[in-house]
Number of protein chains: 2
Amino acid sequence: MSKKVLLKDIALKAGVSITLVSYVLNKQKVNRINKETAQKIRDIAANLNYRTNQVAKSLKTNKTFTIGIVVADISNPFSANLARIIEDEADKHNYTVIFGSSDENASKFVKLVDTFINRQVDGLILSPPSNSENQIEYLQKLGFPFVLLDRYFKDIKTSYVALDNYKASHEAVNHLIKTGRNRIGMITYKSDLFHLKERKRGYLSALKENRISFERGWLKEIDISNNRSEIENAINEIISSDPLINAVLFGSNNIATISLKYINSLPIKVPRDLAIISFDQTDMLDLFYAPVTYIKQPLKEMGEIAIKILLKEINDTNAISQVNMNAELVIRESTGISIDGS
Amino acid sequence: MSKKVLLKDIALKAGVSITLVSYVLNKQKVNRINKETAQKIRDIAANLNYRTNQVAKSLKTNKTFTIGIVVADISNPFSANLARIIEDEADKHNYTVIFGSSDENASKFVKLVDTFINRQVDGLILSPPSNSENQIEYLQKLGFPFVLLDRYFKDIKTSYVALDNYKASHEAVNHLIKTGRNRIGMITYKSDLFHLKERKRGYLSALKENRISFERGWLKEIDISNNRSEIENAINEIISSDPLINAVLFGSNNIATISLKYINSLPIKVPRDLAIISFDQTDMLDLFYAPVTYIKQPLKEMGEIAIKILLKEINDTNAISQVNMNAELVIRESTGISIDGS
DNA sequence: AGATATTGTTTAAACGTTTCAACATAATTG
DNA sequence: CAATTATGTTGAAACGTTTAAACAATATCT
């Protein structure tokens with residue numbers, strides 16, 4: 001590799017000190033410096049194609065202009081979109097993003113966070129998996145700037161931006177009821193993650209408020225690790241339930257994806273036999289023969305706010321901000337009017 | 001933020017020099033150092049929760065153990081998967097990944113590459129957009145370690161790993177012909193990117209070899225920026241062509257996604273009226289009522305090889321490796337037997 | 001016993017920047 | 001015209017590590 005150009009090289013060529021070169025290139029003391037010298041330095045720098053060594057700069061300034069982000073699963077479009085939005089947004093503020101995917105695995109999560117801190121990121125944006133409370137509390141004790149995204153822990157007071165999942169889920173179920181469904185199931189993950197528990201709570205409370213008495217078989221809780229078969233079983237149980245479950249809420253886009261593929265192969269008709277609502281927006285939901293009603297999270301805003309909060313924390317530390325966002329229920333054919341009427 | 005623990009702090013507490021602490025923590029001179037002292041140092045380090053400052057370390061060692069990756073469009077599942085695989089793979093070698101998305105925009109691409117170099121990444125994995133030849137040549141002149149992924153420039157001799165797109169496309173069209181289709185269209189991007197030109201070339205040559213005389217209206221070239229309407233127009237033209245086009249190859253997953261959604265709303269039947277093959281694997285292709293035959297790229301291997309080549313370049317520079325991968329044609333219902341027979 | 005090898009540790013320079021404090025010269029003031 | 005202020009520039013320390021080279025003390029050799 002061809003030798004790197006340093007401040008020293010520019011200084012030498014221009015016959016000035018390294019200090020002066022640094023000042024010019026960083027536009028400091030700009031009112032003091034001789035305009036011609038400054039221009040000369042800039043010309044030489046451009047000529048030699050100088051690139052500042054960020055590592056050295058960071059060491060000195062104690063700022064890396066890097067933020068670390070740990071998403072739950074980068075191969076999930078929800079995470080991918082979030083990552084992308086955050087990268088865009090960070091870029092606007094001249095920050096670079098390092099990212100990693102915890103795959104819902106607490107120890108991988110801890111490892112990623114550690115790596116990022118060692119790399120002196122200025123702050124972190126995190127979607128913590130189950131059992132990562134310790135790590136979060138540790139960061140907090142450290143006073144390290146971070147903001148939780150999409151999920152948070154009810155009992156730990158940290159900055160976060162997340163959906164009001166209770167409300168979102170509640171509204172979705174209300175819509176199902178309003179369109180005439182009265183036996184409503186939910187397929188979701190068996191998890192102690194707060195946001196998932198909230199989704200479940202929203203579902204249950206909507207039933208209750210509408211005086212629909214919940215039956216045990218309506219709620220299918222899937223192990224987050226072995227997806228496919230459990231979900232297909234759940235669907236099988238739903239379509240063979242008696243009396244028949246006539247609507248179902250999917251607790252995540254992943255569950256929806258697997259479910260829809262399977263439903264596609266079954267002799268049932270959506271929404272006639274089964275109404276469907278899913279969390280999150282994906283292409284899949286559009287392509288299903290009855291485009292699926294879904295709970296749309298304001299990803300862009302969430303990403304933007306997360307960055308905003310983080311930058312605030314980085315600059316004047318221990319400012320905690322907690323933001324709950326509202327979802328939008330996008331109503332489509334999969335919850336079209338029921339044959340039962342209402 | 002609570003004060004950071006330095007080597008100095010450990011040294012002080014242990015009553016030894018900074019050097020010794022560094023040696024112990026880096027497992028160097030391990031045969032020389034007194035075992036008890038070493039253990040004591042390790043204990044103190046653990047106790048104080050020491051984390052090495054990677055920035056300082058990098059400055060000294062001239063290695064960041066970071067690689068930069070620029071994908072074409074992180075919101076495309078193809079890119080997202082690739083990014084994920086590379087991150088996993090890099091992690092195995094203790095590298096961290098910085099990523100960015102060029103969005104097929106040359107100047108954004110250049111900016112990202114610049115940022116990454118300033119941050120002293122040890123190497124780059126790049127999917128270059130159109131008109132980024134200059135930047136690639138520049139990197140090459142610099143002797144900077146990089147490997148192109150998914151795409152490369154025919155006229156620039158660099159390391160790359162990519163699909164043999166000509167062959168993939170050629171095989172796909174052969175399959176269409178073998179299953180009785182004789183009027184075969186292709187919807188692809190209007191682009192001078194080599195990999196896209198290869199896909200087109202494969203399509204045309206397969207027709208030629210089978211003595212099917214290509215008609216101008218069969219090839220629909222879409223402007224890469226304004227997708228949706230152009231693609232829908234193309235589909236309209238295809239289904240109203242005379243004599244009727246009875247098969248179509250989609251040049252990318254994006255085109256397939258948009259097309260399938262639209263076709264779903266039309267009164268035509270796949271594969272009876274139109275056989276379909278797409279590039280790349282997505283959930284969409286599974287969910288379509290006639291699961292879509294697709295050209296599967298060996299993403300995992302591509303990612304792994306890319307990392308392998310890059311690490312080789314990083315360690316013993318100017319080793320150029322060029323790898324062409326073979327696709328697998330996954331045959332499903334969308335190319336089921338034609339009513340025309342054959 | 002003196003020379004040599006081994007064991008255990010430290011000194012000091014270096015990586016490429018930033019930035020405080022100081023210097024020299026020129027311009028302006030009372 | 002001496003004192004002050006403004007202009008333009010530089011020296012040197014610092015950021016937190018690594019690492020070559022040297023040192024001191026002990027063990028092993030002939």
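**Figure 1. Parallel pairing of β8 and β9 in chain B.** Strand β8 (residues 247–250) of chain B and strand β9 (residues 275–279) of chain B are joined in the parallel sense over four bridges; two strands count as paired if DSSP finds at least two bridges between them. A275(B) in β9(B) is the bridge partner of A247(B). Helices and strands are DSSP runs numbered from the N terminus (helices: H or I, at least four residues; strands: E, at least two). The model shown is predicted: local features require pLDDT of at least 70 and side-chain atom pairs count only at pLDDT 80 or more, whereas totals for chains, interfaces and linings use all residues. Residues are numbered from 1 along each chain as its sequence is written, while chains are lettered from A and ligands numbered from 1 in the order in which they are written.

Figure 2. Residues are in contact if their C-beta atoms, placed from the backbone, lie within 7 Å.

Figure 3. Six of the six residues of strand β1 (residues 66–71) of chain A are buried, so the strand is largely enclosed by the rest of the structure. A residue is termed buried if 20 or more other C-beta atoms lie within 10 Å of its own, exposed if 12 or fewer, and partly exposed in between, with C-beta atoms placed from the backbone. T66(A), G68(A) and V70(A) point one way from β1(A), and I67(A), I69(A) and V71(A) point the other way. In a regular strand the side chains alternate between the two faces of the sheet. β1(A) pairs in the parallel sense with strand β2 (residues 96–101) of chain A over six bridges, and T66(A) stands opposite T96(A) in β2(A). Parallel pairing over four bridges also links β1(A) to strand β3 (residues 123–126) of chain A, where L124(A) in β3(A) is the bridge partner of G68(A). Together with helix α5 (residues 77–92) of chain A, β1(A) and β2(A) make a right-handed β-α-β unit; right-handed means that, with the strands pointing away from the viewer, the path from the first strand over the helix to the second runs clockwise.

**Figure 4. The contact between chains A and B.** Chain A contributes 43 residues and chain B contributes 43 residues. On the side of chain A that touches chain B, the elements giving two or more residues are α4, α5, β2, α6 (106–118), α11 (253–264) and α12 (283–287) of chain A. α5(A) gives the most, with six residues. By class, this side of chain A has 18 nonpolar, 18 polar and seven charged residues; Ala, Val, Leu, Ile, Met, Phe, Trp, Tyr, Cys and Pro count as nonpolar, Asp, Glu, Lys and Arg as charged, and the others, Gly among them, as polar.

Figure 5. A residue is near a strand if its C-beta atom, placed from the backbone, lies within 6 Å of it. Of the 26 residues around DNA strand C, L7(A), S22(A), N53(A), S17(B) and N34(B) come nearest. α2 (18–25) and α4 (54–61) of chain A, and α2 (18–25) and α4 (54–61) of chain B, each supply at least two residues of this surface, and the largest share, five residues, comes from α4(A).

**Figure 6. Surroundings of L176 in chain A.** L176(A) belongs to helix α8 (residues 165–178) of chain A and counts as buried because it has 28 C-beta neighbours inside 10 Å. Leaving aside residues up to four places away in sequence, L176(A) touches R181(A), I184(A), A247(A), A275(A), I277(A) and T335(A).

Notes. Contact = placed C-beta atoms within 7 Å.
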